[in-house]
Amino acid sequence: MQKILYFGRLSDVTGTSEEMLSIPAEIETAGALREWLDVRFDASGALLDPTVRIAIDSEITFDTAPVGDASEIAFMPPVGGG
Amino acid sequence: MLRISGDPIDAGLELNQFESRAPGAGGIVTFSGQVRPEAQQGEVNTLFLQAYSPMTEHGIEAAIADARSRWALDDVLVLHRIGEMKPGDTIVFVAAAAKHRRAAFDAADFLMDYLKTEAVFWKKESTARGAHWIEPRDADYADASRWTKKETV
């Protein structure tokens, strides 16, 4: 099980700000996870928006990054500032 | 020093404590930001602020380190509130202590510009017409860009 976090406006789309998930073995990269989740939530591309960055274990990463060993994966829309 | 918390911020108390921690400083500048009562969509009922620990803390710590490398500072304090707030609540408090006032003014200004545009927070405003996530204004980005321009001069 891996922890997935959805920040900002994404939590309105997914209906949750975090969940524990068993990511299917064939989903190997952050980019593939993004696409899989977008379909799963019927998010109409909200998760595919290039301004939505992905962090693996608190480090911003690229869509090519492997997700297999990640314990926490965060989807981050542009920050709103304080 | 940095503190991100859901607890209310008492700016007066924080200033008193900061003054006693930085006894040798010639100048202390503080900024406290409050939740605005009105938005484009009307009167604000609540403002909700979300952080991502420890990424949010790491970013602000790096901004504090950057400020310390730019100006000779005796002490720096950044307090940021998260969670649900009401208009008039203090959302942020920044204090900078230095031998001379200009360094303290500039450091507080610099840190506020970082906090308004780059700090890892997401912000949701609720009004009578509904709730929406807000992003920095163009003016906030213009303010923040003053510090990068400075480096190239």
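**A predicted two-chain model, in questions and answers**

Biologist: How does the predictor score the residues of chain B, and what is their average pLDDT?

Modeller: Of the residues of chain B, 97% score at least 70. For the complex, the predictor gives an ipTM of 0.91 and a pTM of 0.91. The average pLDDT of chain B is 93.

Biologist: What share of the contacts in chain B with a separation of 6 or more comes from residues 24 or more positions apart?

Modeller: Buried residues make up 31% of the 153 residues in chain B. As for its contacts with a separation of 6 or more, the share from residues 24 or more positions apart is 76%.

Biologist: Which elements of chain B give two or more residues to the side that touches chain A?

Modeller: In chain B, 21 residues are in contact with eleven residues of chain A. The elements of chain B that give two or more residues to this side are β7 (90-98), α3 (101-117), β8 (121-127) and β9 (130-134).

Biologist: How do the residues on that side of chain B divide into nonpolar, polar and charged?

Modeller: The side in question is the one that touches chain A. The division gives 13 nonpolar, three polar and five charged residues.

Biologist: In what order do the elements of chain A run from the N terminus on?

Modeller: Chain A has two helices and five strands. From the N terminus on, their order is β-α-β-α-β-β-β.

Biologist: What radius of gyration does chain A have, and how does this fit a compact globule?

Modeller: The C-alpha trace of chain A spans about 35 × 25 × 20 Å along its principal axes. Of its 82 residues, 34% count as buried. A compact globule with 82 residues would have a radius of gyration near 12 Å, and chain A agrees, with 12 Å.

Biologist: How do the strands β1(A) and β5(A) run, and how many bridges join them?

Modeller: Strand β1 (residues 2-6) of chain A also pairs with β2(A), in the antiparallel sense over four bridges; there, Gln2(A) stands opposite Leu21(A). On β5(A), Phe75(A) stands opposite Tyr6(A). The strands β1(A) and β5(A) run parallel, and the number of bridges joining them is four.

Biologist: Why can the buried residues of α2(A) be said to line one face of the helix?

Modeller: In helix α2 (residues 30-40) of chain A, the buried residues are Ala30(A), Leu33(A), Arg34(A), Leu37(A) and Asp38(A). Seen down the helix axis, they line one face because they fall within an arc of 130 degrees.

Biologist: What covers the buried residues of α2(A)?

Modeller: The cover comes in part from strands of chain A. It includes β3 (53-56), β4 (59-61) and β5 (72-76).

Biologist: Which residue with a positive phi follows α2(A)?

Modeller: The phi of this residue is near 55 degrees. The residue is Asp42(A).

Biologist: Is Pro24(A) buried or exposed?

Modeller: Pro24(A) lies in the loop between β2 (18-21) and α2 of chain A. Its C-alpha atom is 17 Å from that of Asp63(A), 39 residues apart along the chain. Pro24(A) has 10, so it is exposed.

Biologist: Which residues does Ser17(A) touch, not counting residues up to four places away in sequence?

Modeller: Ser17(A) is in the loop between α1 (10-14) and β2 of chain A, and counts as partly exposed because it has 15 C-beta neighbours inside 10 Å. The C-alpha atoms of Ser17(A) and Tyr6(A) are separated by 4.8 Å, although the two are eleven residues apart along the chain. The residues touched are Leu5(A), Tyr6(A) and Ser11(A).

Methods. Residues are numbered from 1 along each chain as its sequence is written. Chains are lettered from A and ligands numbered from 1 in the order in which they are written. This is a predicted model: local features need pLDDT of at least 70, side-chain atom pairs count only at pLDDT 80 or more; totals for chains, interfaces and linings use all residues. pLDDT is the predictor's confidence in each residue, from 0 to 100. Two residues are in contact if their C-beta atoms, placed from the backbone, lie within 7 Å. Ala, Val, Leu, Ile, Met, Phe, Trp, Tyr, Cys and Pro count as nonpolar, Asp, Glu, Lys and Arg as charged, and the others, Gly among them, as polar. A residue is buried if 20 or more other C-beta atoms lie within 10 Å of its own, exposed if 12 or fewer, and partly exposed in between; C-beta atoms are placed from the backbone. The arc is that of the directions from the helix axis to the C-beta atoms. The radius of gyration is taken over C-alpha atoms; the globule rule is 2.2 Å times the number of residues to the power 0.38. Two strands pair if DSSP finds at least two bridges between them.
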